[in-house]
Amino acid sequence: MVGFTPMGKRIGLYKVIAVRFYSRIAPPPPAYAQPVIRVTNNVAHLGSAKEGPKPRQLLSLPPFPGLPLPGKDVLGDPGRLTAISWVKYYFNDMSGENIESHFKKGLVYVECQSSSDSFEIKGLGKLVRKIKPHDAMEEGGRIHVPVSIAESRISKRFDTIPSGTLYPNADEIDYLQRLVKYKDAALIVLNKPPKLPVQGNMPVHNSMDALAAAALSYDYDEGPKLVHRLDRESSGLILLGRTEESVSHLQWLFSNLNKAKSRCEAWNDACEATYQRYWALVIGSPKEKEGLIRAPLSKVLLDDGKTERIILAGGSAFEPSQEALTEYRVLGPMINGCSWLELRPLTSWKHQLRVHCAEALGTPIVGDYKYGWFVHKRWRQMPRVDIEPTSGKPYKLRRPDGIDVQKGSVMSKVPLLHLHCRELVLPNIAKFMNILDRRSEYRHHPTTSEPSDLLRFVGAMPNHMKISWNLMSSYLV
């Protein structure tokens with residue numbers, strides 16, 4: 001028996017202690033989550049899975065003291081005050097829009113007794129229910145709001161800079177004016193470079209709408225306003241209206257609503273001829289060389305509660321969807337696993353072309369890591385194709401002397417998005433404005449020849465797409 005020897009007693013004692021130590025004191029081994037792929041600044045890396053949502057931090061207002069409130073004139077029923085009026089009274093230095101948005105999102109709660117619509121918020125320990133902005137406040141009622149309603153003053157420094165207080169320097173004005181391809185009394189056409197945000201929001205400052213409004217007013221009192229949008233990573237022709245009337249007509253022209261007929265036949269014909277054409281370099285090649293993509297889109301919210309994704313609608317009657325139509329044409333054979341497409345959207349929805357290419361055709365756009373990351377990963381591992389597909393003879397990719405392929409092109413480690421709005425055809429708004437709106441006052445400069453009913457613009461591709469074109473366009477048709 002081991003217990004009779006001194007050495008054995010120590011060993012037995014150590015074994016018992018060891019078992020008790022690991023079974024009762026030490027925590028269990030951590031459960032490691034599978035690493036997930038994250039993309040930051042167009043660079044993919046492995047990272048840990050995100051933690052679950054944390055409980056919302058709430059700010060408790062004091063109990064409602066009842067009427068009358070000091071310095072508060074109640075409109076309507078003198079014995080009644082609405083919930084939104086009480087919150088605005090308490091946060092008198094906050095913007096009304098910020099408070100209204102919290103009510104619209106259902107983030108304002110009021111303490112209540114047990115009822116069918118009451119629930120308990122983790123960490124608060126009291127029953128609450130959502131309160132609507134026009135519900136009447138009861139004396140002693142206590143409202144709880146997220147702390148974000150009081151932090152809005154801090155986030156104001158990230159808001160869009162108003163055009164009235166933005167003064168671009170001479171270099172910025174010169175840069176923006178070099179982007180202008182066309183300007184008349186009704187509109188301005190720009191050739192937007194990639195990575196320039198179109199519309200500013202938190203924390204974007206130097207967006208195109210703010211800078212253009214301040215730097216491209218020319219001889220007008222107010223700057224131009226955006227008519228349609230492009231993604232931040234994409235490039236190409238973008239349209240701005242110079243007056244309220246032209247902005248209204250152009251937004252109607254590019255909307256997805258059914259266009260009503262006007263009494264002017266020339267205007268109707270010009271509207272029918274309006275279109276946009278994009279060029280895109282995609283991974284792979286569609287089975288059919290041309291066709292119409294009829295794939296409705298739906299918007300989903302990811303698990304983090306903030307990030308939105310556009311997906312193909314499942315066809316369920318209970319799922320909200322938007323009809324999306326895109327015409328496409330393959331410009332040439334597949335070279336090194338990629339092919340050039342010409343895309344013509346017939347509807348204008350967010351990320352329509354990117355989702356149609358990635359999910360409907362199965363050929364995501366080069367540099368679109370949001371909707372085509374896994375295809376990009378496989379494409380990286382594909383061998384180089386050295387056989388010309390039509391003749392079966394070997395060929396070499398054209399590489400002009402002195403060209404740098406490490407500038408976001410298809411040959412770089414992390415290519416930029418290859419989506420460019422190349423062609424734009426639209427009615428000559430300045431010519432039709434007097435017919436469409438008799439009240440408009442446009443500065444008319446008579447010309448010897450009658451202006452055309454249509455305007456057509458073609459925008460040059462950005463540098464990274466020019467490089468890819470030179471490398472991969474040997475056999476384009």
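User: Why is H351 counted as buried?

Analyst: In this predicted model, H351 has a relative accessibility of 10%, and because buried means under 20% relative accessible area, H351 counts as buried. The residue lies in the loop between β17 (338-345) and α9 (352-360), and H351 has a positive phi of about 60 degrees although it is not a glycine.

User: What makes K195 exposed?

Analyst: The relative accessible area of K195 is 53%, and since exposed means over 50%, K195 is therefore exposed. K195 is found in the loop between β9 (187-192) and α6 (208-215), and its phi, near 70 degrees, is a positive value in a residue other than glycine.

User: Why is S118 called buried, and where is S118 found?

Analyst: S118 has a relative accessible area of 16%, and because the buried class covers values under 20%, S118 is buried. As for its place, S118 sits in the loop between β4 (109-111) and β5 (119-120).

User: Which residues is S118 in contact with, leaving aside its neighbours within four places in sequence?

Analyst: With those neighbours left aside, S118 is in contact with C112, Q113, L127, V128 and R129, where contact means heavy atoms within 4.5 Å.

User: What lies 2.9 Å from a polar atom of the side chain of S118?

Analyst: That atom is the backbone oxygen of S115, and the 2.9 Å separation can be set against the cut-off for a polar contact, a pair of N or O atoms within 3.5 Å.

Definitions and conventions: Residues are numbered from 1 along each chain as its sequence is written. This is a predicted model: local features need pLDDT of at least 70, side-chain atom pairs count only at pLDDT 80 or more; totals for chains, interfaces and linings use all residues. Side-chain values use heavy atoms; hydrogens and water are left out. Helices (H or I, at least four residues) and strands (E, at least two) are DSSP runs, numbered from the N terminus. Buried means under 20% relative accessible area, exposed over 50%, partly exposed in between (1.4 Å probe, protein chains only). A polar contact is a pair of N or O atoms within 3.5 Å; within protein, one must be able to donate a hydrogen and the other to accept it, and residues adjacent in sequence count only if both atoms are side-chain atoms.
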